[in-house]
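This report covers aromatic contacts, nonpolar cores and model confidence. Please look at the sequence and the structure before reading on.

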Amino acid sequence: MATAGLLLWLLAAWPLVLVKNLPHEDLPGHVAAAYVVDHLAAYPEYVAAHGLRTNSALLFWLHAASPWLGYMQAARVFVLAVLAVTAFGYAFLFSALGGSRRMWIQSLFAIPLVHHWFVSMGMLNFSLSFGLCLWILGLLAMQRSKWDHLRAGGIAVLCALAWIAHSFPLLMLVVIALADLAYARVRDRAAVKPALRVLVSLVPAAVIGVLGFCLAPAVDSAGAHLAGLAKTEWTGLPQLLWMGLRTYVLGSSYWGLAALVPALVLLVVVILRARRSSPPVLSVGAFVVLSAGYVCLPTFMLPTWGYFNTRFVPFLWLALLVRAPETLSRKLVALLVCAGIAGSAGNGLALLRMDADVAEFCSGLPFVDRGARLLPLLFSVDSPSDNIEPILHAWGHYTVERGTSADLLWASRSVDAVQYRTLPPPRFHHDVIQNMPRRMRSAEEWCGILLREASTVPEDCELAWTEAWRSYLTSAAKRYTHVLVWDAPQPALALIAQYFPMVHQQGRLVIGRQFAQSDPPFEK
């Protein structure tokens, strides 16, 4: 088990040794939130959330480790730990379910499912909780055959840790146990008693979940009602099928396209052997319930949940993994090994390319005054081959390294590390700041959006676009001292420079700052 887990971890973790700046999408924003909590005197617009909360494992770790490692290096250690918990968790679960030989076959299929999309997205609390749930499922598989009090205690402790990380995977364990029991009662009465042992073992998980919901700290301000954040959106079935492959298997980029090979082979093998594969956990009943949740629930339930139904995907792939056969032909094994290594290499190279982008983005750090009011204006956030947007929250590096403003923090829910004490002006809400530059990249794009959304276009599109920018920048100049401009077209950059003259330009990055009369001009 240890060898298989180590190999899975190494194939997932090697890029993190080489990248200087972690390009995981949401991660800088979460690190910035931890920094703000530790420096609240500099951020009077926020108040720290109180009480023991789910979705807070990363925050607790950063508080504890940042004095010794620094915030970003502490985050790197956390990512490595998440990958280790997941990799060894897969190996432990496979070993508990089928022994050594089946474990190695299943591990081959699991290679692209360790550094998966949720990790690349920087959704590390969810990813850690899912990794812990793999260990819990392995212990539950053992508990089915014979009750053990020590094992039950271990399950309870892991459930508590999983809840601190994220409550959703823990809820899925209870749902799976209930579905397994219902399926056993209908199809296999001999399995009812073992299924009951599993359900009883998860009573602490249910208690923790209920208490966590009832005792969750309330949001103390109007921050939960930011205009424009409410959104509920479903995804069509064809997109769901592709999203199940792209979102989870391909990880950060299409550069890891080879990872689709083991995923597709697994699908074919499981379909061909459907009648012969009957794992003790994640029964057909559980698979049906998980599939129904993925298909029927919305993708977005903002402001509370983003990528809501997508969170069922790791459990659906897990249900397929535990049905992998004990033996495969040598040619198929060789194909899986080569595809797994190629997929790991592709995703690693993609992360290295994204690291270079983030390094370019961070090149302006020395040119931003400590404690500056900094407005990020991002005109692009990814490349066409990416599954994540590594630039979207890279502003967090400036907050952590230079103590700049943090208007893009998540601060509207009880699970957020901070909450608003005073709301920002509507045009500087974080969703407006994130989206406005891309919507107003050019006069043509802006008028095209107006035509689609409002069925109207100004008579003089170019003039209206210019006036809209001037209005926004006039307000920005009253609130911010610096702008961080990324990948701006020349007409937009020329307008921005009139309000925030350039002090640094490197590649796609421009730093602008309002000058006092005594300040020297910037020479390009």
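## Charges over rings

Arg 311 is placed over the face of Phe 126, 5.4 Å from the ring centre. A charge is taken to sit over a ring if NZ of Lys or CZ of Arg is within 6 Å of the ring centre and within 35 degrees of the ring normal. Arg 353 also has its charged end over a ring, that of Trp 255, at 5.0 Å from the centre.

## Basis of the model

This is a predicted model, in which local features need pLDDT of at least 70 and side-chain atom pairs count only at pLDDT 80 or more, while totals for chains, interfaces and linings use all residues. Residues are numbered from 1 along each chain as its sequence is written, and side-chain values use heavy atoms, with hydrogens and water left out.

## Aromatic pairs and cluster

The structure holds 22 aromatic pairs. Rings of Phe, Tyr and Trp (its six-membered ring) pair if their centres lie within 6.5 Å; planes under 30 degrees apart count as stacked, over 60 as edge-to-face and the rest as tilted. Tyr 35 and Tyr 43 are edge-to-face because their planes stand at 85°, with ring centres 6.5 Å apart. Tyr 35 is buried at 11% relative accessible area, and Tyr 43 is buried at 2% (buried is under 20% relative accessible area, exposed over 50%, partly exposed in between, with a 1.4 Å probe and protein chains only).

Phe 300 and Tyr 307 form a tilted pair, with planes at 55° and centres 5.3 Å apart. Phe 300 is buried at 17%, whereas Tyr 307 is partly exposed at 27%. Both belong to one aromatic cluster, which also includes Phe 126, Trp 117 and Tyr 248.

## Nonpolar cores

The largest nonpolar core has 149 residues, and Tyr 90, Trp 317 and Trp 469 have the most contacts inside it. Such a core is a set of buried Ala, Val, Leu, Ile, Met, Phe, Trp, Tyr and Cys residues joined through side-chain atoms within 4.5 Å. Helix α4 (residues 71-110) gives the most to this core, 19 residues. Another core lies apart from it and has 18 residues, including Val 358 and Tyr 398.

## Confidence

The protein chain has a mean pLDDT of 90, and 94% of its residues reach 70 or more; pLDDT is the predictor's confidence in each residue, from 0 to 100. Over residues 520-524 pLDDT stays under 50. Where pLDDT is low, the predicted coordinates should not be read in detail.

Conventions. Contact means heavy atoms within 4.5 Å. Helices (H or I, at least four residues) and strands (E, at least two) are DSSP runs, numbered from the N terminus.
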